[in-house]
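Subject: Structure handover

Hello,

Here is the structure for you to look over. My notes follow below it.

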Amino acid sequence: MPVALPVRDYAVWAVWQSASLQNRAFRLTGFVTPGKDGAWYVTRIGLSCCVADGTAFMVEVRGQAAPPKNQWVEVTGQWAQPTKHPDGDI
């Protein structure tokens, strides 16, 4: 049974506590953000205090064609090794 997690929690744990996510299924809900070369992300905006400090938390989806930009989706999948980017892991 997939565990429903906020995108923010999954995004942080996938990088810093990946061992706790391995071999488990998760369900994430967010909006579609397109990336380069056909990549796409489930995205949610996290707020700590107010709208001015909003941060986008993005989780890359692999193995599925991207739905339309900004469409809300629910995805189920498993942790995978983060993609390396010059400005940090995604």
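**A threonine pair**

The side chains of Thr33 and Thr43 are joined by a polar contact of 2.7 Å. A polar contact here is a pair of N or O atoms within 3.5 Å; within protein, one must be able to donate a hydrogen and the other to accept it, and residues adjacent in sequence count only if both atoms are side-chain atoms.

Before the rest, the ground rules. This is a predicted model: local features need pLDDT of at least 70, side-chain atom pairs count only at pLDDT 80 or more, and totals for chains, interfaces and linings use all residues. Residues are numbered from 1 along each chain as its sequence is written, and side-chain values use heavy atoms, with hydrogens and water left out.

Thr33 sits in strand β2 (residues 25–34). Thr43 lies in strand β3 (residues 40–46). Helices (H or I, at least four residues) and strands (E, at least two) are DSSP runs, numbered from the N terminus. Thr43 is buried, at 2% relative accessible area. Buried means under 20%, exposed over 50%, and partly exposed in between (1.4 Å probe, protein chains only).

Leaving out residues up to four places away in sequence, Thr33 touches Trp40, Tyr41, Thr43 and Met58. On that basis, the residues that Thr43 touches include Gly30, Phe31, Ala56 and Phe57. Contact means heavy atoms within 4.5 Å.

**Helix α1**

Which residues of helix α1 (residues 7–16) are buried? They are Val7, Tyr10, Ala11 and Ala14. Seen down the axis of α1, these fall within an arc of 100 degrees, so they line one face of the helix. The arc is that of the directions from the helix axis to the C-beta atoms. An α-helix has 3.6 residues a turn, so residues three or four places apart point the same way. The cover over the buried residues of α1 includes β2, β3, β4 (55–61) and β5 (72–78).

**Cysteines**

There are 0 disulfides (pairs of cysteine sulfur atoms within 2.5 Å). Cys49 is exposed, at 70% relative accessibility. Cys50 is partly exposed, at 36%.

**Backbone points to check**

Asp37 is not a glycine, yet its phi is positive, near 55 degrees. Asp37 is in the loop between β2 and β3 and is exposed, at 83% relative accessibility. Asn70, also not a glycine, has a positive phi of about 75 degrees. Asn70 is in the loop between β4 and β5.

Best wishes
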